[in-house]
Amino acid sequence: IVFAHSGFKPGSMLFTYLKAWGYGGVDICLFASGLGCYFSLEKDPDALRFLKRRIARLAPVYIPFILLWCVYHYLTHGPYPVSAVLGNLLGIQNLTGLENSFNWYISALLLFYVLSPLLKSLVDQIGYGWQAVVIGFLLLLSVPFWTADTYIITVTRLPIFYVGMVFGRMCKEDRELSLPALVGCVAASALGFWLMKFCTDHFESILWSYGLHWYPFLLITPGVCIVLSLAGLALEKVRYSKVLTKPLAAIGAYSFELYLLHVPLYEFLHPRLRDLPYDRNLMWLATLPVIWVGCVVLKKVGKLISRLLP
């Protein structure tokens, strides 16, 4: 996701496509979030306590960050409505359809968390054959939002969150992944990547408005996540593999902070680095340690606030 949002320009066509499709990392995050929310509700099905746990995870980091972002927005863009400050603090500004929203992802997370108890109940009470019908219905729900640029990026992600919950049920039931199922998931991913390339090459002007950026990742994400998981299992058996896995685990622990910090930083840097007579790729790479230091600081602030609050 950070790679996709950066101004880094890859030297090969393959990496150019991968960068262009890097936003699909959001679908991976939401797939994993759906799986995680399923197990959280399995452990404690009380909807209110579930929401309190989600908010307790996000708010201590998000609130101090968004307050600073509102101040920055005021200093760089002029007068900033009080309603927008409140909307961003509550994480719902993007759902208003108005300007001055920090980012769509916070509103999407909150919406999906509110829906999670209902979605889990649905996942648990119907057979696997009917799950495809529900996923198709969720896809149909996104069609009325075509050309509604503010919301299309959110509603097209609800199906993959639901698929993550279906995988959560499969994990709970210890369903083993058969070879034909694995081949099917990988084939679906390959088909999804082909669709992405086809849409990118032939329908670039309408990718956003009609959800073509995101629909293929419903096919891509499960297979990619399974292959990455199998690669992780194989890597555990390799000597000195912790040299790679420990940094990856550390990055994973800071995923929310990474998201919060890189978005405004890259929005600030894009117009300022574009015309500089230096190696821009090197300059974009130099932003990574800066973001990492910011993540560590923000994480510590969040932990401090968590200890101070009841």
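Predicted model: local features only at pLDDT ≥ 70, side-chain atom pairs only at ≥ 80, totals over all residues.
Residues are numbered from 1 along each chain as its sequence is written, and side-chain values use heavy atoms, without hydrogens and water. Local features need pLDDT of at least 70 and side-chain atom pairs pLDDT 80 or more, while totals for chains, interfaces and linings use all residues.

The chain has 14 helices and zero strands; helices here are DSSP runs of H or I with at least four residues, strands are runs of E with at least two, and both are numbered from the N terminus. The C-alpha trace spans about 55 × 50 × 50 Å along its principal axes. For 310 residues, a compact globule would have a radius of gyration near 19 Å, and the chain agrees with this at 20 Å. The radius is taken over C-alpha atoms, and the globule rule is 2.2 Å times the number of residues to the power 0.38.

Of the contacts with a separation of 6 or more, 74% join residues 24 or more positions apart, where contact means heavy atoms within 4.5 Å. Some 38% of the 310 residues count as buried. Buried means under 20% relative accessible area, exposed over 50%, and partly exposed in between, with a 1.4 Å probe and protein chains only. The chain exposes about 17,600 Å², of which carbon and sulfur atoms supply 71%; the areas come from the Shrake-Rupley method with a 1.4 Å probe, and for residues only the protein chains shown count as cover.

G232 lies in helix α11, residues 217-236. Because its relative accessibility is 28%, G232 counts as partly exposed.

A search of the whole structure finds 22 aromatic pairs. Rings of Phe, Tyr and Trp (its six-membered ring) pair if their centres lie within 6.5 Å; planes under 30 degrees apart count as stacked, over 60 as edge-to-face and the rest as tilted. F3 and F8 form a tilted pair, 5.8 Å centre to centre with 55° between the planes. W146 and Y210 form an edge-to-face pair at 5.5 Å and 65°. This pair links distant parts of the chain, 64 residues apart: W146 is in the loop between α7 (128-142) and α8 (149-155), and Y210 in the loop between α10 (179-202) and α11. W146 is partly exposed at 34%, and Y210 is partly exposed at 31%. One aromatic cluster consists of F65, W69, Y80, F102, W104, Y105, F256 and Y259.
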